Amino acid sequence: MAGETEYEGESSTSIPMLLVNAAFEYDTQKIVHIKNKKIGFLNRLMQLAIIGYIIGYAIVYKKGYQSTDIVVSSVTSKMKGVSYTNISGLPDLNIDENETAPYNRIWDVSDYVIPPQQSDAFFVMTNMIITPNQKRGKCAEDPDMFNVSCSPSAQQCQKGVPVPNGNGVQTGECGNFTFPNGSTTHTCEIFAWCPVEYDVNPTQSEPVLNDARDFTVLIKNTATYPKFNFSKRNILESSNKTYLQKCKYNSHTDPYCPIFRLGDIVHETGEDFKTMAYSGGVVAISINWDCNLDYSQKECRPVYTFARLDNKDAKLAKGYNFRYSHYYQDTGGADSRTLYKAYGILFKIIVTGTARKFDFVPLMLNIGSGLALLTMSTIACDIIVCYILKGRDYYKKKKYMNVNPDDDADYQVFN
């Protein structure tokens, strides 16, 4: 028992001492030259790989010798183009010939660009449903609205209740709705702008403004890099008024012309203009400015790409459309309006880009990081030598040495 007690006491005092000794130890590097061709070859191979990564990838490929700045951009657009439409006599009309008059007219920029200006975007109306001469009053609701069918002999309509997603508020009466082809049905009467819109395109497949494919847009874009105090326009310095009057963007023959034909933009997305114009869509015009300012600033030029953003295969709510009205007073002074359901293409202009220029600081940071990575080859070789090779115990003894001045007679002599 006494022996066990003595042993436990020694253990209890040795553990704190081990912790103290470990806390106040000092490790220093020891250079050991190992004459092993395999390890030497592996070490040099890893060093060459790291140096290749630093120079080839981090500095040359990734431009590690340059600092960067992200583009700050401003964009404006100006549309040009006129068209006269006449849908009378078309074989695929959905409306009566007598109702084609609102569609037979001249269209200019102020008619089809809605609104006149947007931030980094513009909308061009290419198809529409026009409901002219609407006035405030009572009329039958559109039969396509939910739960509006009724019978004159039954009180099915609730007075004062709005029609869900409809055009007005029910009067409580059952009215007579007349279709464009002359047939009739019974629907709930509503307080609304009358007559209500009949939500069917005037043609079955042809957009009213199919000529919009030949309309053009001038895109003016200024790319600025504040860090480098540098800015550039997408209208090249070599351009003149005559050039802008004649040029049209072409990705092969004239890739820097800032004037774009709408049909060409849609074609670049891989879509058919007629199909997109009929139900509408959303198109991205991407302008990318990647500039290396270590070369001539004239080489900093925009690159244009185009893509469709909406889902053309959507089963519900496909395309792009909205409604707006033109208000006026009739000859009797009554408030009137013409309601438009506008289908068209929304063009979103997206500007991206990065400018680069030589900078000593990132170059030194990449070189310093690379030098630190070189130690990885030594660490990897140490692991192989001390823990994997057959002579690992021998190499470990040569590499690691424990020095304790209190137990070393040589230290006593030199001291």
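Reply: Counting the bonded cysteines along the chain, the disulfides of the protein follow the pattern 1-6, 2-4, 3-5, 7-8, 9-10, where a disulfide is a pair of cysteine sulfur atoms within 2.5 Å. This is a predicted model, in which local features need pLDDT of at least 70 and side-chain atom pairs count only at pLDDT 80 or more, while totals for chains, interfaces and linings use all residues. Residues are numbered from 1 along each chain as its sequence is written, and side-chain values use heavy atoms, with hydrogens and water left out.

A search of the whole structure finds 5 disulfides. One of them joins cysteine 150 to cysteine 174, with an S to S distance of 1.9 Å, and the 85 degrees about the S-S bond make this link right-handed. Cysteine 150 lies in the loop between strand S5 (121–140) and strand S6 (169–178) and cysteine 174 in strand S6, so the pair ties together parts that are 24 residues apart in sequence; helices (H or I, at least four residues) and strands (E, at least two) are DSSP runs, numbered from the N terminus. Cysteine 150 is buried, with a relative accessible area of 11%, whereas cysteine 174 is partly exposed at 23%; buried means under 20% relative accessible area, exposed over 50%, and partly exposed in between, with a 1.4 Å probe and protein chains only.

A further disulfide joins cysteine 157 to cysteine 188, S to S 2.0 Å, and with -90 degrees about the S-S bond this link is left-handed. The pair of cysteine 157, in the loop between S5 and S6, and cysteine 188, in strand S7, links distant parts of the chain, 31 residues apart, and both cysteine 157 and cysteine 188 are buried.

Cysteine 291 and cysteine 300 also form a disulfide, with their sulfur atoms 1.8 Å apart, and this link, at 50 degrees about the S-S bond, is right-handed. Cysteine 291 is buried at a relative accessible area of 4%, and cysteine 300 counts as buried at 2%.

Cysteine 381, by contrast, is in no disulfide, and the nearest cysteine sulfur, that of cysteine 386, is 11 Å away. Cysteine 381 is buried, with a relative accessible area of 6%. Cysteine 386 is likewise in no disulfide, its nearest cysteine sulfur being that of cysteine 381, and cysteine 386 is buried with a relative accessible area of 1%.

Turning to the rings, a search of the whole structure finds 20 aromatic pairs; rings of Phe, Tyr and Trp (its six-membered ring) pair if their centres lie within 6.5 Å, and planes under 30 degrees apart count as stacked, over 60 as edge-to-face and the rest as tilted. Among these pairs, tryptophan 193 and tyrosine 327 are edge-to-face, 5.8 Å centre to centre with 70 degrees between the planes. Tryptophan 193 lies in strand S7 (residues 184–194) and tyrosine 327 in strand S13 (residues 321–329), so the pair ties together parts that are 134 residues apart in sequence. Strand S7 thus holds both cysteine 188 and tryptophan 193, and tryptophan 193 is buried, with a relative accessible area of 16%.
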